[in-house]
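Subject: Structure handover

Hello,

Here is the structure I promised to pass on. Please open it first, then read the notes below it.

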Amino acid sequence: TTQGWSPDNATCDLIIAEHLNHCGLFDVAEVFAEESGCAGDPTMRAACAELHAILQAIARKELEPALLWVRRHSMEPSLNPTQRARVLELLFQLHKLAVANLLDKGDKAGVLRYLRENLGELRVETHPGNLSDVKRLTCAVLWAGRLAASPYSDLLDPELWERA
């Protein structure tokens, strides 16, 4: 045991069940909880399931579930200013990915419509640092459909999707 901490079996079982939920192993977590007799938090399980569904959607380059989640959580009163800034930065990065996705498909009209509809949410007024990114996204419209061979090819970097 660690000095000053002696966990009981119930605590260890709960930690294991929550870890399995965090890993997206919901069926395994459920069986483990039943067999060990620990009662996990159903709210935690539901939140983990929602986040895993969002991650799977992002892997398919479907951003709407993530955008909805971020919008829903961005104005929670419990967020401190640092947390709120991180949530808004995530929102901006998701919008950036959505625009890059439209650009890659060659949808110039869709990009311009998307920027027009979401520019307020991109927080250019309150986060002037985003202005240069918005300008780049707008200029990249000229390369729609051939973004990979453009000065804006970095917008297609798979790492951007992983970081989201």
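One definition before anything else: buried means under 20% relative accessible area, exposed means over 50%, and partly exposed is in between (1.4 Å probe, protein chains only). Lys61 shows the middle class: its relative accessibility is 40%, so it counts as partly exposed.

Now the ground rules. This is a predicted model, in which local features need pLDDT of at least 70 and side-chain atom pairs count only at pLDDT 80 or more, while totals for chains, interfaces and linings use all residues. Residues are numbered from 1 along each chain as its sequence is written, and side-chain values use heavy atoms, with hydrogens and water left out.

**Overall build**

The protein chain has eight helices and zero strands. Helices (H or I, at least four residues) and strands (E, at least two) are DSSP runs, numbered from the N terminus. Read from that end, the order is α-α-α-α-α-α-α-α. The radius of gyration is 21 Å, well over the 15 Å that the globule rule gives for 164 residues, so the chain is more spread out than a compact globule. That radius is taken over C-alpha atoms, and the rule is 2.2 Å times the number of residues to the power 0.38. Along its principal axes, the C-alpha trace spans about 60 × 30 × 30 Å.

Buried residues make up 33% of the 164 residues. The accessible surface comes to about 10,200 Å², and 57% of it belongs to carbon and sulfur atoms. Areas come from the Shrake-Rupley method with a 1.4 Å probe; for residues, only the protein chains shown count as cover.

Contact means heavy atoms within 4.5 Å. Of the contacts with a separation of 6 or more, 48% join residues 24 or more positions apart.

On charge, there are 17 positive and 23 negative side chains, and the centres of the two sets lie 14 Å apart. Lys and Arg count as positive, Asp and Glu as negative; His and the chain ends are not counted. Each charge is placed at NZ of Lys, CZ of Arg, CG of Asp or CD of Glu.

**The core**

A nonpolar core is a set of buried Ala, Val, Leu, Ile, Met, Phe, Trp, Tyr and Cys residues joined through side-chain atoms within 4.5 Å. The largest one here has 29 residues. Those with the most contacts inside it are Ile58, Leu63, Leu94, Val99, Leu103, Val111 and Leu155. Two or more residues each come from helix 3 (42–59), helix 4 (64–74), helix 5 (81–105), helix 6 and helix 8 (158–163). Helix 5 gives the largest share, 10 residues.

Take Val99. Leaving out residues up to four places away in sequence, Val99 touches Val111, Tyr114, Leu115 and Leu137.

Lys96 lies in helix 5. Its relative accessibility is 14%, so Lys96 counts as buried. Beyond its neighbours within four places in sequence, Lys96 is in contact with Asp133, Leu137 and Leu155.

Asn118 belongs to helix 6 (residues 108–118). Asn118 counts as buried because its relative accessibility is 10%. With residues up to four places away not counted, Asn118 touches Arg71 and His95.

Asn21 sits in helix 1 (residues 9–22). Asn21 is buried too, with a relative accessible area of 9%. Setting aside residues up to four places away, Asn21 touches Phe26, Ala29, Arg45, Cys48 and His52. Asn21 and Glu50 are 29 residues apart in sequence and 11 Å apart in space, C-alpha to C-alpha.

**Partly exposed sites**

Back to Lys61, which is found in the loop between helix 3 and helix 4. Most residues other than glycine have a negative phi. Phi of Lys61 is near 65°, a positive value.

Pro65 is in helix 4. Pro65 is partly exposed at 33% relative accessibility. Pro65 touches Ile54 and Ala57, not counting residues up to four places away in sequence. Pro65 and Leu160 are 95 residues apart in sequence, and their C-alpha atoms are 17 Å apart.

Ala109 lies in helix 6. At 48% relative accessibility, Ala109 counts as partly exposed. Ala109 and Ala144 are 35 residues apart along the chain, with 9.8 Å between their C-alpha atoms.

Best wishes
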